[in-house]
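Please review the structure shown below together with its sequence. The briefing that accompanies it is arranged by topic.

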Amino acid sequence: MGGGGISHTFGMVSLGCPKNAVDSELIMGAMVGAGFALRTDPGDCEAIIVNTCGFIEEAKSESIGAILDMAGHKAGGRCKALVVVGCLSQRYGESLLGEMPEVDLAFGVDATEGIPAAVRRLLEEREGGGPDGAMPEAGGAPSPCAGAASGHPEGLGRMDGERVLSTPPGWAWLRVSEGCDNKCSYCAIPSIRGPHVSRPMESVLREAASLAGKGVRELNLVAQDTTRYGLDIYGERMLPRLIRELSSIRGVEWLRLLYCYPDDVGDDLIKELRENGRLCKYIDIPLQHCSAKVLRAMNRRGDAGAYAALVRRLRAEVPGIVVRTTVMTGFPGEGEAEFAELRGFVKDLRFDRLGAFAYSREEGTPAHGLGGRVGKREAMRRKGLIEADQGAIYAEACEARLGLEYDVLIDGVSLDGISYTGRSYAEAPLADGRIAVVSARPLAIGGFAKVRLICREGLDIVGEAVFEPTQ
């Protein structure tokens with residue numbers, strides 16, 4: 001047994017973005033490697049680990065709610081240790097323990113390797129009952145909670161650890177770097193995750209080969225800024241080369257690009273999108289806004305003209321490409337004119353996929369003190385308008401796809417058991433809609449099927465599996 005002693009049980013609650021999901025998988029891998037037994041029912045766990053998101057107010061509220069929900073198992077279940085990790089504890093440090101006595105241990109974003117030993121010590125202390133037979137007080141155990149900007153104290157070697165995958169059999173996230181150097185004025189990520197640090201290419205390739213060997217067919221590349229990959233350790237942006245190297249790994253059928261910064265989508269990357277048969281003709285480019293005034297206040301590079309030119313170039317040079325973006329409403333200084341410009345931009349560019357969110361005022365960010373604030377209700381109203389505009393665009397695009405056939409990666413079976421669920425190259429995991437697949441024959445979960453799209457149901461499309469005629 002990796003850690004010696006008895007086999008304690010633990011559970012994992014993972015919140016936030018795909019980068020957080022990878023951290024959770026690494027933590028689960030470290031815990032299992034140390035001899036802990038993973039359980040899915042929180043009521044059956046001696047330790048519960050909550051990996052939190054602290055990016056915006058809504059995410060913080062969700063994280064706090066999850067912590068309090070899991071704390072209930074300390075009174076009514078087997079749980080003796082409630083552990084909080086990730087962005088919330090990194091951002092708020094030891095104050096988290098003071099304000100939430102339910103929490104026993106708190107760790108920042110880089111502490112993966114130290115978690116199993118600390119949890120084991122706490123559980124064994126509590127099983128022993130202490131010197132006088134009493135249970136130690138909650139929150140009394142030492143907690144290596146960073147609380148300040150991450151300097152990646154363990155380096156990115158922690159990413160070479162074994163992962164317990166939480167995704168369906170056919171796909172996984174592949175994290176290529178940590179941290180961010182862009183310093184957008186609204187964003188707390190640089191203060192939480194630290195500066196941008198790339199993983200060595202051999203490390204990424206080794207993990208990709210391992211995932212492919214486990215049956216993973218689709219690798220979704222994620223980072224805070226994927227297009228910056230390699231600049232810090234190789235002196236140039238190496239994402240196109242990394243894609244070519246990943247494409248040579250046996251078993252990898254699809255690669256997908258997420259979190260690309262617009263002005264780093266250059267000739268070499270567009271060439272890969274056009275010519276590389278393993279790279280999905282799909283790109284996620286969060287733009288956030290189009291107004292020059294708002295973008296300057298956000299400390300983001302580019303403007304509406306540059307963004308529109310990039311989208312049109314991608315569509316001209318990469319036929320069939322799906323372009324996804326996100327936009328923010330209600331940023332300080334976004335008046336009616338700037339919002340009208342954003343709505344017109346969205347309608348004009350007709351993005352294939354778009355997510356909208358309202359600005360969240362975060363302490364410690366440069367935008368926190370900006371004037372020209374937009375009320376939360378108004379920001380949400382604007383968000384709703386953008387979503388309505390995009391909904392109409394998306395519905396028309398879906399109708400245009402009906403009757404076409406696609407290769408679909410089968411993710412699982414629908415809740416009603418009637419159909420399968422899957423995605424074509426045009427749908428990123430979790431972010432986009434899914435394809436409900438009806439089939440006259442059994443389909444392999446984690447495998448591909450040829451599917452003809454037949455109708456639309458909300459954000460999802462229904463298709464039927466197509467089989468070659470039998471002799």
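The notes below cover a strand, a helix and a loop residue.

The model is predicted: local features need pLDDT of at least 70, side-chain atom pairs count only at pLDDT 80 or more, and totals for chains, interfaces and linings use all residues. Residues are numbered from 1 along each chain as its sequence is written, and side-chain values use heavy atoms, with hydrogens and water left out.

Helices (H or I, at least four residues) and strands (E, at least two) are DSSP runs, numbered from the N terminus. Buried denotes under 20% relative accessible area, exposed over 50%, and partly exposed in between, with a 1.4 Å probe and protein chains only.

- Strand 3 (residues 47-52) is largely enclosed by the rest of the structure, because six of its six residues are buried.
- Ala47, Ile49 and Asn51 point one way from this strand, Ile48, Val50 and Thr52 point the other way, and all are buried.
- Strand 1 (residues 9-14) pairs with strand 3 in the parallel sense over five bridges; pairing requires that DSSP finds at least two bridges between two strands.
- Strand 3 also runs parallel to strand 4 (residues 81-86), to which six bridges join it.
- Valine 50 in strand 3 is the bridge partner of valine 13, and valine 50 also stands opposite valine 84 in strand 4.

**Helix 12**

- Helix 12 (residues 304-317) has 14 residues, which should span 20 Å at 1.5 Å a residue, and its end C-alpha atoms are 20 Å apart, in agreement; the expected span is 1.5 Å times one less than the number of residues.
- Ala304, Tyr307, Ala308, Leu310, Val311 and Leu314 are buried in helix 12.
- Seen down the axis of helix 12, the buried residues fall within an arc of 160°, so they line one face of the helix; the arc is that of the directions from the helix axis to the C-beta atoms.
- Gly305 and Ala316 are exposed on the other side of helix 12.
- The buried residues of helix 12 pack against helix 10 (267-275), strand 11 (279-284), helix 11 (292-298), strand 12 (322-329) and helix 13 (336-349), where contact means heavy atoms within 4.5 Å.

**Alanine 188**

- Alanine 188 lies in the loop between strand 7 (177-178) and helix 6 (189-193).
- Alanine 188 counts as buried because its relative accessibility is 2%.
- Leaving aside residues up to four places away in sequence, alanine 188 touches Arg91 and Thr365.
- Alanine 188 and arginine 91 are 97 residues apart in sequence and 8.7 Å apart in space, C-alpha to C-alpha.
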